Amino acid sequence: MKLHTLRTTTTDPRNRGREIGTRYADQVRDVSARYLAHFKVLGISETTVRDIVAHSHDALRDWYPGLAEESDGIAEASGIEPWQVAAVGARTEVLAAAPGKGECTTAVHTPPAGGPPETIQTWDWHDSLTPDGLLLSLVTGTRRRVKLFTEFGTAAKIGVNDAGLGLHFNILNHRSDNATGGIPVHAVARRVLEEATTVAEARDLVASATVSASTVLTVATYRDGRAAAASIEMSPAGSAVVPPGTDGWLIHTNHFLDPGLAGGDTSTPESVSAERYDHAHAVCGGMTGRSAPERAAAFCGGDGAAAVVCVRADDSQPGHEQWSTLLTASLDLPGFALEYRAGTPDAAAREGLDRF
C-alpha cells in the first residue's frame, strides 16, 4: 500500500472534499471501482448497493451533515457520481449484506502509575482493494486539529486529535447487522476524532448513532499526566463500553467482549480473532514501557514474522479471500502524532515507524 499525505487547513467540509478529490482524483476513482467490483464478486447486486448507500448517506446527512458534504465534494472534484464515493464511505454497511471474516488487532496500555497510553494496531484487509491509503491532517470548524489514516472515500480509521484523544478501529459482526443502511461506522470514528475530548464524550457520540453494521472504537486519552481508555463496541442492537484490565491493558480483535453483545456475535469459523486476542494478551507484558518500534517487536513475540498478528495473503485463495496486514500504527497522544509503517509489526520493528 502506497501512503499519500495531505495537510489541509480549510474548515469548510465541501471545500475539503473538493481538495481531496482534485489532488487524488485517480485514487478516488480507482478505489471506488475496486469496491464496486468487490461487492459484485460477493454477490451483492448494484441495486442493493445503491439502496444501502442512499439510506446510509441520508442517515449521515441527518446525523453529521459535514461529512456528507465532504464526500459529495470528493465526488464532484474527482468526476464520479456521489453514490460511488459514498459506497466506499459506507463499505462496512454494504458488506453487512454479505458478512465475512474480519481481522485487525488492537492493544492499548494505560499505565497505572501515570504516563501516556502505549498503543499499537494492525490493519488487516484486502490489498487488492487498497493499493493507496491517505494520511490526512485537517482543521475542523471549531479549530480542532485532527490527524488520521484512512482509505480514499472513507471518513476515518485510526487517528488522533489535539485534545489528547486517539482512536483505533476494528470490525465486528453481530446478528443484528442488516442491509438497511445506517450511519457509516467510519463516519462515527471521524466524528469522535473531531468532537470528543474524553472517553465519556466518545461513548455518548457512539450511542447517538443509529448504525446497521458493527464495529469497535478503542479510544484512548491523555491529560494531566494520566491515561484513560475504553473499547466502545457498537452494533444495531446497541453499544457497550469495555474497560482495560487491572494491569492497564485493553486488547481487542474482531469478536465482541461485552457479555450482553457477545451473545449475538457472528464471527465466522475461519476467523482467528480469538487466537490473535490470546496472543496479544500473552505478549502485552513485553510491550509495556517500550518505544513504538520495540512495542511492534514485542507484539510479534517469539514467533517474529510468523506471529499470528502478522497476516499474509494466501495466494491459493481467490482475491476476495486474501487478507494481509497493510498497516501497523501507534498513537502518540502527547506528541499529537501517528506512528506508522505500511506492513506488518515485524516490518515496523525492523524498519522503524514514520511519524505523521
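Me: How many salt bridges are there?
Reply: The count comes to 24 salt bridges. Please keep in mind that this is a predicted model.

Me: Which residue does Arg 14 meet in a salt bridge?
Reply: The side chain of Arg 14 meets that of Glu 69, with N and O 3.1 Å apart. The two residues belong to distant parts of the chain, since Arg 14 sits in helix α1 (residues 13–23) and Glu 69 in helix α4 (residues 65–78), 55 residues apart.

Me: What about Asp 30, which residue is its salt-bridge partner?
Reply: Asp 30 pairs with Arg 34, and their closest N and O atoms are 2.8 Å apart. Both lie in helix α2 (residues 25–41); because they are four residues apart there, about one helical turn separates them. Asp 30 is partly exposed at 28% relative accessibility, and Arg 34 is partly exposed with a relative accessible area of 31%.

Me: And Asp 72, where does its partner Arg 61 lie?
Reply: The salt bridge between Asp 72 and Arg 61 has its closest N and O atoms 2.6 Å apart. Arg 61 lies in helix α3 (residues 46–63) and Asp 72 in helix α4, so the bridge ties together parts that are eleven residues apart in sequence.

Me: Is Asp 72 buried or exposed?
Reply: Asp 72 is buried, because its relative accessible area is 10% and the limit for buried is under 20%.

Me: Which residues are in the network of salt bridges?
Reply: The linked residues are Arg 14, Arg 18, Arg 61, Glu 69, Asp 72 and Glu 76.

Me: Changing topic: how do α3 and α4 cross?
Reply: Their axes come within 5 Å and cross at roughly 130°. That angle makes α3 oblique to α4.

Me: Which residues meet there?
Reply: From α3, the residues are His 57, Leu 60, Arg 61 and Trp 63. They meet Pro 65, Leu 67, Ala 68, Glu 69, Ser 71 and Asp 72 of α4. Sorted by class, this contact has five nonpolar, two polar and three charged residues.

Me: What is in the largest nonpolar core?
Reply: That core has 81 residues, and those touching the most other members are Val 188, Val 192, Leu 217 and Val 219.

Me: What is Leu 217 in contact with?
Reply: Neighbours within four places in sequence are left aside here. The contacts of Leu 217 then include Leu 167, Phe 169, Val 188, Val 192, Ile 232 and Met 234. His 168 and Ser 231 are also among them.

Me: Which residues is Ala 90 in contact with?
Reply: Apart from its neighbours within four places in sequence, Ala 90 is in contact with Ser 56 and Pro 184. As for Ala 54, its C-alpha lies 9.6 Å from that of Ala 90, although the two are 36 residues apart in sequence.

Note on methods: Residues numbered from 1 in each chain as written. Predicted model: local features only at pLDDT ≥ 70, side-chain atom pairs only at ≥ 80, totals over all residues. Heavy atoms only, no water. Salt bridge = Lys/Arg side-chain N within 4 Å of Asp/Glu carboxyl O. Buried < 20%, exposed > 50% of the residue type's maximum accessible area, 1.4 Å probe, protein only. Axes fitted to C-alpha atoms, helices over the stretch in contact; angles between N-to-C directions. Parallel < 35°, antiparallel > 145°, perpendicular 65-115°, else oblique. Contact = heavy atoms within 4.5 Å. Nonpolar A, V, L, I, M, F, W, Y, C, P; charged D, E, K, R; others polar. Core = buried A, V, L, I, M, F, W, Y, C linked by side-chain atoms within 4.5 Å.
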